[in-house]
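Here are my notes on the model, in numbered points. Have the coordinates open while you read.

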Amino acid sequence: MSYPQKPAPTQLPILRSVVERWSPYAFSAKPVEQQKIDIAFEAARWAPSSFNEQPWRYLYATKEDGEDRLKMESLLLQGNKWAKEASILMISFAKRTFERNGKENVHALHDLGCATGFLALQLPSLGLVGHQMAGFLRDAANTILGVPADFIPGSMMAIGYPGDSTLLPPELQERETAERVRNPKRAFAFRGTWPK
Ligand SMILES: Cc1cc2nc3c(=O)[nH]c(=O)nc-3n(C[C@H](O)[C@H](O)[C@H](O)COP(=O)(O)O)c2cc1C
């Protein structure tokens, strides 16, 4: 599988990993080496966070993880069942309260998103792809996975080696090959004053 697979058509030169990261639907069933999984988490580990709290947690299961994997798969909504093909299924959680004083950490989900972004950006260099999903049984995740209530689910993520997109059902093939689009910078980056 050649890289980059679907590079972002950027307007200015940016970091290579940002150009190369994307969210495919075709995943290979090939197992991901534990060393690569560890490297991806190492990238997440070095994300910044409010008070250096590091509120991120990740629970993942590979295809070799039996019951644990089946529990993870059972949380996928119908529209995301394609993700079962991926070697790794993972759910991110943010710790709602600070370790040191038990107070609410209002930046927990923010910091979780940042760490997950770091993780996602590490994947292309490992020859891996990732696809985040909101489409999972968020309310059931803690109970089914045995995660304490102090941890709020963020996103689910499929991670693995790229698969053969020609084997996807037509509607997913269409999404897989759709043009990558973004809002222009002027729609979200404002200098000086907020636009009227
Ligand atoms: C928090 C989050 C939730 C998402 N949920 C889904 C989902 O449930 N199903 C899906 O197919 N894609 C999902 N996506 C993928 C987005 O659709 C994708 O990131 C976006 O279209 C931009 O495409 P790109 O990641 O290839 O640049 C999600 C992405 C994020 C970050």
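1. Start with Tyr-25: one of its polar side-chain atoms sits 2.9 Å from an oxygen atom of the ligand. Arg-21 does likewise, with a polar side-chain atom 2.9 Å from a ligand oxygen. With Gln-132 the backbone is involved: a polar backbone atom there lies 3.0 Å from a nitrogen atom of the ligand. (A polar contact here is a pair of N or O atoms within 3.5 Å; within protein, one must be able to donate a hydrogen and the other to accept it, and residues adjacent in sequence count only if both atoms are side-chain atoms.) On its own the ligand exposes 620 Å², and the protein buries 61% of that. Areas are Shrake-Rupley values with a 1.4 Å probe, and for residues only the protein chains shown count as cover.

2. Before going further, a word on what you're looking at. This is a predicted model, where local features need pLDDT of at least 70 and side-chain atom pairs count only at pLDDT 80 or more, while totals for chains, interfaces and linings use all residues. Residues are numbered from 1 along each chain as its sequence is written, and side-chain values use heavy atoms, with hydrogens and water left out.

3. Which residues are closest to the ligand? Ser-23, His-131, Ala-134, Arg-180 and Arg-182 are, out of 14 residues that surround the ligand. To be near, a residue needs one heavy atom within 4 Å. By class the shell splits into five nonpolar, five polar and four charged residues. Strand S3 (residues 129–133) supplies the largest share of the shell, three residues.

4. Now the fold. The protein chain has six helices and four strands, and along the sequence they run α-α-β-α-β-α-β-α-β-α. The radius of gyration is 18 Å, close to the 16 Å that the globule rule gives for 196 residues, so the chain is as compact as a globular protein of that length. (Helices, H or I of at least four residues, and strands, E of at least two, are DSSP runs numbered from the N terminus; the radius is taken over C-alpha atoms, and the rule is 2.2 Å times the number of residues to the power 0.38.) The C-alpha trace spans about 50 × 50 × 30 Å along its principal axes.

5. Some chain totals. Of the 196 residues, 41% count as buried, meaning under 20% relative accessible area, with exposed over 50% and partly exposed in between (1.4 Å probe, protein chains only). The accessible surface is about 11,500 Å², with 56% of it belonging to carbon and sulfur atoms. Among contacts (heavy atoms within 4.5 Å) with a separation of 6 or more, residues 24 or more positions apart account for 76%.

6. Please look at the loop between helix H2 (34–45) and strand S1 (56–62), where Asn-52 is found. Most residues other than glycine have a negative phi. Asn-52 has a positive phi of about 50°, and Gln-54, found in the loop between H2 and S1, has a positive phi of about 55°. Asn-52 is exposed at 51% relative accessible area, whereas Gln-54 is partly exposed at 32%.

7. Buried or exposed: which is Ser-92? At 2% relative accessibility, Ser-92 counts as buried. Ser-92 is in strand S2 (residues 88–95), and its contacts beyond four places in sequence include Arg-57, Tyr-58, Leu-112 and Ile-152. Thr-62, in strand S1, is buried at 10%. Leaving aside neighbours within four places, Thr-62 is in contact with Arg-69, Ser-87 and Ile-88.

8. Two last residues to check. Asn-80, in the loop between helix H3 (66–74) and S2, is buried at 13% relative accessibility. Not counting residues up to four places away in sequence, Asn-80 touches Met-133 and Gly-135. Glu-174 lies in helix H6 (residues 170–177) and is exposed at 60%. Glu-174 and Asp-150 are 24 residues apart in sequence and 39 Å apart in space, C-alpha to C-alpha.

How values were computed: Nonpolar A, V, L, I, M, F, W, Y, C, P; charged D, E, K, R; others polar.
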